[in-house]
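Let's read a structure together, one feature at a time.

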Amino acid sequence: MARRNEEVEAVLQEYADLIAITRGDAFKARAYEKAARAVGGYAQDVSRLTPEELRGIPGVGKSIAEKVAEYLRTGSVEVVEERRAMIPAGVRELITIPTLGPKKAMTLYEDLHISSVEELANAIESERLRGLKGFGPKTEENILHGIALLQQAGDRIDVHTAMTVAEEVVAGLSSIRGCESCTFAGSLRRMRETIGDIDVLVAARDSAKFMTALTELPATAEVIAHGEKKTSIRTTKGLQVDLRVLPPDSWGAGLQYFTGSKAHNIRTRTMAVRAGLKLSEYGLFEVPEKPKKGAKAPKEEGRLVASRTEDEVYDRLGLPWIPPALREDRGEIEAALGDGLPDVITEHDIRGDLHTHTSLTDGLAPLAEMAEAAAARGYAYYAVTDHAPDLYMEQMTDAKALAQREEVRRLDGTFHRMRLLHGTELNIGPDGEVDWPADFLAGFDLCVASVHSHFGLSRSAMTKRFIRACENPYVNVIGHPTTRMIGRRPGVDADWDEVFAACARTGTALEVNAQPDRLDLRDEDILRAKQLGAKFVIDTDAHSVPHLAFLRYGVGTAQRGWLTKDDVVNTWPLTKLRRFLRAKRP
DNA sequence: GCCGTTTTCGGCCCGACTGTTTTCAGTCG
């Protein structure tokens with residue numbers, strides 16, 4: 001992608017790791033880590049910011065701003081290079097092994113000169129770790145196991161796969177007697193686009209049977225930890241599930257804590273400390289008076305202030321309840337304090353899907369079946385948008401499109417409240433042209449236009465290509481704008497500020513494509529496009545009936561981009577939507 | 001290194017689990 005934020009994030013994170021490994025100041029390492037996350041999640045491209053604006057990023061002060069500027073100017077940072085020279089790259093690689101952190105990595109390097117994962121594995125094999133302080137037989141075993149996991153590539157998993165597992169686990173645990181509440185939390189509840197592991201919470205007085213039940217699930221391949229308050233397993237697919245059982249009185253505080261994000265929690269806990277309180281997963285507590293120097297610290301807990309619901313906890317911190325998708329410390333605390341929290345869109349607000357396929361091209365189900373399933377979801381309108389002739393493998397023709405239109409018109413009105421719209425998904429050619437001429441396009445109720453090939457154009461050519469498509473009076477929506485495939489293909493390079501501005505100017509909506517391997521636009525681009533005045537549409541791009549349910553991931557992504565009902569055209573009543581679709585036309 | 005309604009120094013979120021230890025360090029989330 002065009003933004004350089006990820007590059008900068010990686011450099012800052014590397015510096016933080018190197019500081020930790022070389023036993024530098026832990027707070028300094030944490031400061032760099034925090035800044036790395038803030039830069040990675042910042043809505044604007046850091047390479048376009050002035051030095052003053054860089055310092056406006058939370059967690060970025062004078063020193064880090066200078067290093068970011070140095071990196072953007074020269075491609076490297078001197079102090080990072082110095083640390084790199086002290087520590088072989090392979091030592092940093094060691095800390096990617098689960099259970100192996102910076103301290104152990106440095107010990108291995110200093111005492112045994114181990115500087116790669118492979119050398120570490122060999123050293124364990126040849127028993128060279130024996131006698132090394134802090135490394136017992138169990139540690140050796142854990143490291144070998146961690147290396148094996150690493151080699152299985154088991155990185156982050158897509159949100160839909162994670163959701164499927166989470167809902168199974170929640171259903172299983174909810175049916176156990178004594179379960180007062182059960183849900184998933186963590187990055188899944190925040191609807192991040194990929195999920196590292198699944199956090200499940202149970203409210204119950206007695207934890208043991210829930211812990212045991214988790215370890216005995218059919219999908220459980222391995223028990224990582226089995227305690228009274230927390231149990232962790234790994235599923236047969238390599239996904240880690242953490243279960244916490246909380247006293248029912250702690251439910252709200254626990255849910256708040258385990259939903260995160262880490263950065264959001266640091267903010268809420270800091271607010272608690274400022275208010276003379278302490279926030280943990282068990283509740284918001286008063287802090288007992290500090291004992292005088294030398295006196296024995298009293299052991300008792302402070303009085304409980306709030307814990308039963310998230311609402312209560314936020315309320316006692318002086319905040320309204322904050323939707324999970326916003327909890328990334330991207331300004332939601334400030335917005336909440338200033339009464340500026342967006343009333344984020346919900347799945348319930350969506351009145352129709354405007355990008356779907358049928359078996360006429362590459363979908364699996366025929367038009368009538370897709371429409372029937374859409375009507376069952378309670379939609380007020382539904383658009384069929386099969387591919388156009390330029391994707392030649394889909395075999396679309398003018399005649400097929402016109403025949404489909406007749407069928408759409410014939411079926412329209414047979415699904416009680418739901419209206420059917422006839423649309424198409426056009427292909428945006430390398431020059432920005434689309435499949436059909438204006439007079440043919442005029443016959444559609446709406447046109448989505450997307451890039452499907454020629455991903456490697458130069459940034460300027462790609463930008464022109466999108467702008468040209470926006471300027472087409474019949475193009476209503478730019479479909480899956482960046483064309484990225486999560487974990488498989490990066491997005492195309494364009495000057496997105498220019499493209500988003502063109503969308504705003506021409507009245508072309510940007511799609512938030514809800515396919516779990518796309519989620520395109522993604523949250524950060526949405527934030528930026530909204531700032532530039534663009535409108536959006538949340539679509540499933542469904543190729544089958546089950547895909548219609550992917551809408552929730554699109555809505556989650558839109559929430560993470562702070563979108564409200566007003567920003568999203570497919571929450572609008574049909575008359576208003578039709579006005580929007582026609583507004584560009586001559 | 002960052003940050004400020006306990007400001008320019010002295011804090012920095014907090015707790016669970018494991019393994020190697022005899023009271024705690026390291027890692028993780």
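Q: Where does Ser-261 lie?

A: Welcome to a predicted model, in which local features need pLDDT of at least 70, side-chain atom pairs count only at pLDDT 80 or more, and totals for chains, interfaces and linings use all residues. Residues are numbered from 1 along each chain as its sequence is written, chains are lettered from A and ligands numbered from 1 in the order in which they are written, and side-chain values use heavy atoms, leaving out hydrogens and water. Ser-261 sits in the loop between helix 13 (251–259) and helix 14 (262–274). Helices (H or I, at least four residues) and strands (E, at least two) are DSSP runs, numbered from the N terminus.

Q: What joins Gly-260 and Ser-261?

A: Most peptide bonds are trans. Gly-260 and Ser-261 are joined by a cis peptide bond, with omega about -5°. Another cis bond runs from Asp-520 to Leu-521, where omega is near 0°. Leu-521 belongs to the loop between strand 16 (509–513) and helix 22 (523–531).

Q: How should I read phi, and what is phi of Asp-329?

A: Most residues other than glycine have a negative phi. Asp-329 has a positive phi, near 50°, and is found in the loop between helix 15 (310–316) and helix 16 (332–337). Asp-541 also has a positive phi, near 55°, and lies in the loop between strand 17 (536–539) and helix 23 (551–560).

Q: Is Asp-541 buried or exposed?

A: Buried means under 20% relative accessible area, exposed over 50%, and partly exposed in between (1.4 Å probe, protein chains only). Asp-541 has 4% relative accessibility, so Asp-541 counts as buried. Asp-329, at 15%, is buried too.

Q: Which residues are buried in helix 10?

A: In an α-helix there are 3.6 residues a turn, so residues three or four places apart point the same way. Among the buried residues of helix 10 are Val-159, Ala-162, Met-163, Ala-166 and Val-170.

Q: How is chain A divided, and how much do domain 3 and domain 4 bury between them?

A: An automatic or database domain assignment sets the bounds: domain 1 (5–151), domain 2 (157–246), domain 3 (261–337) and domain 4 (347–583). The size of an interface is often given as the accessible area lost when the parts come together. Domain 3 and domain 4 bury about 580 Å² between them, 55% of it on carbon and sulfur atoms; buried area is the accessible area (1.4 Å probe) that two parts lose on being put together, summed over both. On the domain 3 side, Ala-325, Leu-326 and Arg-330 lose the most area to domain 4, together 79% of what that side buries.
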